[in-house]
Amino acid sequence: LAVLLCGMLNSGGGVVWAGVGADGVVKGIKMGRGERDKIRQMLDRVCSTNINPRVGPRVVDIDFVKVEGGEELWLVKYTIRVVEEVLYRVRNLGNRGFKEGVYVRKDTGPDYTEFVSEEVLESIQGLEN
């Protein structure tokens, strides 16, 4: 989640839906109130400990949308708003298979977040100066 949010924060923001298939079909996620509370807490933890600078609630918001006709089926909507132009970095990931550093979105869809190396960042910053 930290990598996805970081990529969107560094690429203008947007909306991410959980519970919608890659084909665009609404499937929903079965969860009760307790699971929704845990997801909210997880988002708060990720925004405060895994992204630098820390991301506040007015930057990343979460909503739960009930799927009609589904028994306890919900969509999770993450809304990412860029309120200031800063470079966000992922940190404190432990052993999760991702590098710590800067990520950007290079396209749309679930698998289009890309790591940007420090060398590339330095060369971009050198061009801007």
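The legends below describe close-up views of a predicted model.

**View 1. Arg 36 and its contacts with Glu 72 and Trp 74.** Arg 36 forms a salt bridge with Glu 72, and the closest N and O atoms are 3.8 Å apart. With a relative accessibility of 13%, Arg 36 counts as buried, whereas Glu 72 is partly exposed at 34%. Arg 36 also lies over the face of Trp 74, at 4.1 Å from the ring centre.

**View 2. The ring of Trp 74 with Lys 66.** The charged end of Lys 66 sits over this ring, 5.7 Å from its centre. Arg 36 lies over the face of Trp 74 as well, with a distance of 4.1 Å from the ring centre. As for pairs between aromatic rings, the structure holds 0.

**View 3. The backbone at Glu 72.** Glu 72 is not a glycine, yet its phi is positive, at about 60 degrees. The residue is placed in the loop between S4 and strand S5 (73-80). Its relative accessible area of 34% makes Glu 72 partly exposed.

**View 4. The salt bridge between Arg 40 and Asp 37.** The closest N and O atoms of this pair are 3.1 Å apart. Both residues are in helix H2, 3 residues apart, which means a separation of about one helical turn. Arg 40 is partly exposed, with 35% relative accessibility, and Asp 37 is also partly exposed, with 29%. The count of salt bridges in the structure comes to 2.

**View 5. The cis peptide bond from Asn 52 to Pro 53.** Omega of this bond is near 0 degrees. Pro 53 is found in the loop between strand S3 (51-52) and strand S4 (60-66).

**View 6. A nonpolar patch on the surface.** The patch is formed by Val 15, Trp 17, Val 20, Val 26 and Val 65, which together have about 380 Å² of accessible area. One of these residues, Val 15, lies in strand S1 (residues 14-18). Val 15 is partly exposed, its relative accessible area being 41%.

**View 7. Cys 6 and Cys 47.** Cys 6 is buried, at a relative accessible area of 0%. Cys 47 is buried too, at 4%. The structure holds 0 disulfides.

Technical notes: Residues numbered from 1 in each chain as written. Predicted model: local features only at pLDDT ≥ 70, side-chain atom pairs only at ≥ 80, totals over all residues. Heavy atoms only, no water. Disulfide = S-S within 2.5 Å. Buried < 20%, exposed > 50% of the residue type's maximum accessible area, 1.4 Å probe, protein only. Patch = residues over 30% accessible without salt bridge, like charges linked within 9 Å, V, L, I, M, F, W, Y side chains within 5 Å. Areas by Shrake-Rupley, 256 points an atom, 1.4 Å probe, with all protein chains shown as cover. Salt bridge = Lys/Arg side-chain N within 4 Å of Asp/Glu carboxyl O. Helix = DSSP H or I, 4+ residues; strand = E, 2+ residues; numbered from the N terminus. Phe/Tyr/Trp six-rings, centres within 6.5 Å; stacked < 30°, edge-to-face > 60°. Lys NZ or Arg CZ within 6 Å of the ring centre and 35° of its normal.
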